[in-house]
Amino acid sequence: MFDLEKFDLKLNTDVIGRNFIFAEEVPSTNSELLTGSDLYKKHGTVLLAEKQTDGKGRKNRAWYSDDQLNLTFSILITESKYFKKKVNLLNFVSSLALAASVENLYQLKTELKWPNDVLIEDKKVAGILIESTSKGSKIERLVIGIGLNVNQIAFQRKFTTEPTSLKKELGHPVEREKTLAEILNNIEEMLNTSIKFPDKILEDWKSKCKMIGERITVVNDDVIKQGIFNDIDKNGFMVLRTDDKMETLHSGDVSIL
Ligand code: BTN
């Protein structure tokens with residue numbers, strides 16, 4: 001069982017996670033925060049669920065996570081200064097914060113995979129799904145949904161990238177409470193950096209993505225593209241160099257050729 005007191009002792013934020021909701025079971029923490037009651041309206045609210053019955057991944061995939069072993073949570077962002085310029089920057093903020101937390105607490109080397117996976121030794125330890133609701137062209141609520149594999153060691157299904165967990169990599173279980181607090185501490189700090197120095201976030205992200213410069217395949221729905229992963233542009237999109245041109249890609253599953 002998640003120990004709220006232990007978590008609270010390690011949380012150093014001003015806003016993120018100060019309104020903290022713990023749920024035994026919800027369909028999806030993202031859906032709950034996006035469409036839920038006014039209880040969930042406060043900027044920085046974090047909803048953690050021990051079990052999701054309809055956990056969502058990118059590209060309409062499901063996110064599977066064994067009950068009570070991992071961290072599946074969402075953060076509500078309603079202050080538009082965090083997303084009005086570049087929503088994509090939030091992907092980078094979140095994945096950088098996850099990577100920093102894992103490295104600081106457990107000395108495990110992480111890499112980032114575009115658009116928003118966190119890898120250890122080429123295996124996926126965490127994924128991020130950002131969703132929003134809008135009125136007209138204005139974003140009203142935005143949620144950053146994070147799934148981090150912590151103490152699960154068996155993964156039965158087929159995955160596009162092989163999964164791993166902190167326990168699998170370290171060989172011993174880890175404490176979820178201090179891990180979540182560290183992640184939220186880092187997310188708050190990096191969110192603030194992203195307002196003042198967005199380019200720093202982009203540069204830090206790029207320096208942890210070893211696929212840049214490699215020959216890659218990008219699969220997006222049924223379209224397959226190959227080329228050199230040239231760069232990430234200011235908006236967080238991939239610049240792919242094919243034989244005759246540069247193409248800007250907004251999403252896709254990337255693998256090294
Ligand atoms: C991915 O890599 O495909 C993104 C996975 C995101 C999973 C998290 S778990 C908490 C939050 N609630 C959801 O339904 N999905 C995200």
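Q: How many positive and negative side chains does the chain have, and how far apart are the centres of the two sets?
A: In this predicted model, the chain carries 37 positive and 39 negative side chains. The centres of the two sets lie 3 Å apart.

Q: What about the accessible surface, and what share of it belongs to carbon and sulfur atoms?
A: The accessible surface of the chain comes to about 12600 Å². Carbon and sulfur atoms account for 46% of that surface.

Q: And how many helices and strands are there in the chain?
A: The chain contains six helices and 12 strands. Its radius of gyration is 18 Å, close to the 18 Å that the globule rule gives for 257 residues, so the chain is as compact as a globular protein of that length. Along the principal axes, the C-alpha atoms fill a box of roughly 55 × 45 × 30 Å.

Q: What percentage of the residues is buried?
A: Buried residues make up 53% of the 257 residues.

Q: Staying with contacts between residues at least 6 apart in sequence, what share joins residues at least 24 apart?
A: That share is 65%.

Q: What does L166 touch, not counting residues up to four places away in sequence?
A: L166 touches V102, Y106, L108, I120, V125, L148, N149, V150, V174 and T179.

Q: N149 is on that list. Where is N149 found?
A: N149 is found in the loop between β7 and α4, the latter spanning residues 166–170.

Q: Buried or exposed?
A: N149 has a relative accessible area of 4%, below the 20% cut-off, and therefore counts as buried. Leaving aside neighbours within four places in sequence, N149 is in contact with W63, N70, K124, V125, F155, P163, T164, S165 and L166. N149 and D66 are 83 residues apart in sequence, and their C-alpha atoms are 9.0 Å apart in space.

Q: Where is V143 placed?
A: V143 is in strand β7, which covers residues 138–148. The relative accessible area of V143 is 0%, so this residue is buried. Leaving aside neighbours within four places in sequence, the contacts of V143 are N30, L33, L34, I75, L76, L129, I130 and E131.

Q: Now the backbone: which peptide bond is cis?
A: The bond from W114 to P115 is cis, with omega near 5 degrees. P115 lies in the loop between β4 (111–113) and β5 (117–120).

Q: What is the phi of K59, and where is K59 found?
A: K59 has a positive phi of about 55 degrees although it is not a glycine. K59 is found in the loop between β2 (46–52) and β3 (71–77), and is partly exposed, with a relative accessible area of 30%.

Q: And the phi of D221, what is that?
A: D221 has a positive phi of about 50 degrees, and is not a glycine. Its place is in the loop between β8 (215–220) and β9 (223–232), and D221 counts as exposed at 66% relative accessibility. For context, most residues other than glycine have a negative phi, and most peptide bonds are trans.

Q: Lastly, where does D233 lie, and what does D233 touch?
A: D233 lies in the loop between β9 and β10 (238–241). Not counting residues up to four places away in sequence, D233 touches L202, V239 and T248. D233 and N185 are 48 residues apart in sequence and 27 Å apart in space, C-alpha to C-alpha.

Key:
Residues are numbered from 1 along each chain as its sequence is written. This is a predicted model: local features need pLDDT of at least 70, side-chain atom pairs count only at pLDDT 80 or more; totals for chains, interfaces and linings use all residues. Side-chain values use heavy atoms; hydrogens and water are left out. Helices (H or I, at least four residues) and strands (E, at least two) are DSSP runs, numbered from the N terminus. The radius of gyration is taken over C-alpha atoms; the globule rule is 2.2 Å times the number of residues to the power 0.38. Buried means under 20% relative accessible area, exposed over 50%, partly exposed in between (1.4 Å probe, protein chains only). Contact means heavy atoms within 4.5 Å. Accessible areas come from the Shrake-Rupley method with a 1.4 Å probe; for residues, only the protein chains shown count as cover. Lys and Arg count as positive and Asp and Glu as negative; His and the chain ends are not counted. The place of a charge is taken as NZ of Lys, CZ of Arg, CG of Asp or CD of Glu.
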